[in-house]
Each structure stands twice: as C-alpha cells, then as structure tokens.
Amino acid sequence: MIDYNSIIERYYDPATPLYDVLMVHSRQVAELAAQICERLIAQGVPVDADFVYEAAMLHDIGIVKTDADGIHCHGTEPYIKHGTLGRKMLDDMGLYRHALVCERHTGAGLSLNDIETQNLPLPHRDLLPVSVEEKIVCYADKFFSKTHLGEAPKPMERVRLSMARFGDESLQRFNEMAQMFGEISEYS
Ligand SMILES: [Fe+2]
C-alpha cells in the first residue's frame, strides 16, 4: 500500500478546513468504493481493492490548485481542471496508475466530444474511466458532495439528474456503471 496520508499532507495542512473537505469527502468515496469492490470480488470479478482505496483517497488531490471558495480552495485554476491537475501531481511522484484515476473521474468521465462542445479548458482527448478500478472511483464519487460535507449518499435519481445535465452520453455512461456496480440503495 502507498502512504496516501503523507502524500495528501504534502499539499494540505491538517489544520485547515480544506484538509477536512478533502479527507471527509475522499473517505466517503473510498468506503463506498471498498464496498463495491467487495461485492464484485464476491461475484468473481477481479478487482484490485487496495489500489481502489488508495486512488479514491487521492482522486481529488488536485482541488488545492483550483479556485473554489465554497470548498476552501484558494488556487488560481478553474475547478473543472482538478482532475488533470491531480494527474500531473501524481505523475510527478511516479504514481501513474493513480494519476489516471484523478484525470478520469469527473462527471461520468468526459469525452472529447463533451470537452469540445462545452468548450471546457481541458486537453482535447477522452478523459473517460477505462479500467474497472477507474470506473468504481468515478461512480462512488458521484454520491458524495464536498459542499454538503459528510452528508449521506445522494439518492440515485438526484445523481441521474445531475449527469443528464451534461448530456445523454454522460447519463448513459453513468447508467452503465450503475448496472455494473449496483444502485446506492444496495449499500449500507
Ligand atoms: Fe471527488
């Protein structure tokens, strides 16, 4: 296992509200992701559960570089870039596989088409979760807010509505993950 806490503490001071935002959110995502892994393993699906937990703890590490006052981020970059910023941070540490989880977790993933049609300040290529591990973190993340920190998971229908706002393809990708990993009501 990698020491994700010391990686986080390189960028986040534990005495700050931003640290709490990152840790509370990331733990909620990691715990749900761990339950999804258990269920898949019980079904005979091979999943690297240790990697999923680590990657879930690190998936939002890039938020520190963004400008999002509501969640105590006082950087300069647009929030939508937190995934690609996180990828760069982890790539620089040689954590290439974890880095891809950062880059591929936003929404239900972002396709080149999404990026072009919505004119997003992101590289012009697909930023879609590919491996089962990448998909688990992307999916689990959708149920937990950082603005309403520590709340119970969002109901399925609310997540579906927010995915639909990014278009039919996004909703379809979310539904495919829900098919693979189960509805939130199936988890405690
Ligand atoms: Fe997240």
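**Entry 1: an angle, and a reminder**

I started with a cut-off I would need: an angle from 65 to 115 degrees between two axes counts as roughly perpendicular. I then looked up H7 and H9, which pack at an angle of about 105°. H7 and H9 are therefore roughly perpendicular to each other. I noted 10 Å between their axes. A reminder to myself: this is a predicted model.

Which residues make the contact between H7 and H9? From H7 I listed Lys135, Ile136, Cys138 and Tyr139, and from H9 Met177, Met180 and Phe181. Sorted by class, the residues of this contact are 6 nonpolar, no polar and 1 charged.

**Entry 2: the other partner of that helix**

I stayed with H9, residues 168-181, and turned to H8, residues 156-164. These two helices pack at about 145°, and I read 7 Å between their axes. On the H8 side I found Arg160, Met163 and Ala164, which meet Ser170, Leu171 and Phe174 in H9. The contact of H8 with H9 has 4 nonpolar, 1 polar and 1 charged residues.

I also picked out Gln172, which sits in helix H9. Is Gln172 buried or exposed? I counted 12 other C-beta atoms within 10 Å, so Gln172 is exposed.

**Entry 3: the whole protein**

Next I stepped back. I counted 9 helices and 2 strands, and along the sequence they run α-α-α-β-β-α-α-α-α-α-α. The radius of gyration is 15 Å, close to the 16 Å that the globule rule gives for 188 residues, so the protein is as compact as a globular protein of that length. Along the principal axes, the C-alpha atoms fill a box of roughly 40 × 40 × 30 Å.

How much of the protein counts as buried? I wrote down 37% of the 188 residues. I also looked at contacts with a separation of 6 or more: 61% of them join residues 24 or more positions apart.

**Entry 4: the cores**

I went looking for the largest nonpolar core and found 32 residues in it. Those with the most contacts inside this core are Val29, Ala33, Val52, Ala56, Ile136, Val137 and Ala140. The elements that give it two or more residues are H2 (17-42), H3 (49-58), H4 (82-91), H5 (96-103), H7 (132-141) and H9.

I took Val29 as my example. Leaving out residues up to four places away in sequence, Val29 touches Ala56, His59, Val137, Ala140, Asp141 and Phe144. There is also a second, separate core of 5 residues, with Val21, Ile63, Val64 and Cys73 among them.

I checked H4 and found it mostly covered, with 8 of its 10 residues buried. The buried ones are His82, Gly83, Thr84, Leu85, Gly86, Arg87, Met89 and Leu90. What covers them includes H3 and H5.

H5 is mostly covered too, with 6 of its 8 residues buried. I listed His98, Ala99, Leu100, Val101, Cys102 and Glu103 as buried there. Their cover includes H3, H4 and H7.

Last, I looked up phi values. Most residues other than glycine have a negative phi. Against that background I noted His72, which has a positive phi of about 65° and is not a glycine. His72 lies in the loop between strand S1 (67-68) and strand S2 (73-74). With 16 other C-beta atoms within 10 Å, His72 is partly exposed.

My other note is on Asn119, a residue other than glycine with a positive phi near 55°. Where does Asn119 lie? I placed Asn119 in the loop between helix H6 (112-117) and H7. I found 7 other C-beta atoms within 10 Å, so Asn119 is exposed.

Methods:
Residues are numbered from 1 along each chain as its sequence is written. This is a predicted model: local features need pLDDT of at least 70, side-chain atom pairs count only at pLDDT 80 or more; totals for chains, interfaces and linings use all residues. Axes are lines fitted to C-alpha atoms, for helices over the stretch in contact, and angles run from 0 to 180 degrees between N-to-C directions. Helices (H or I, at least four residues) and strands (E, at least two) are DSSP runs, numbered from the N terminus. Two residues are in contact if their C-beta atoms, placed from the backbone, lie within 7 Å. Ala, Val, Leu, Ile, Met, Phe, Trp, Tyr, Cys and Pro count as nonpolar, Asp, Glu, Lys and Arg as charged, and the others, Gly among them, as polar. A nonpolar core is a set of buried Ala, Val, Leu, Ile, Met, Phe, Trp, Tyr and Cys residues joined through C-beta atoms within 7 Å. A residue is buried if 20 or more other C-beta atoms lie within 10 Å of its own, exposed if 12 or fewer, and partly exposed in between; C-beta atoms are placed from the backbone. Angles under 35 degrees count as roughly parallel, over 145 as roughly antiparallel, 65 to 115 as roughly perpendicular and the rest as oblique. The radius of gyration is taken over C-alpha atoms; the globule rule is 2.2 Å times the number of residues to the power 0.38.
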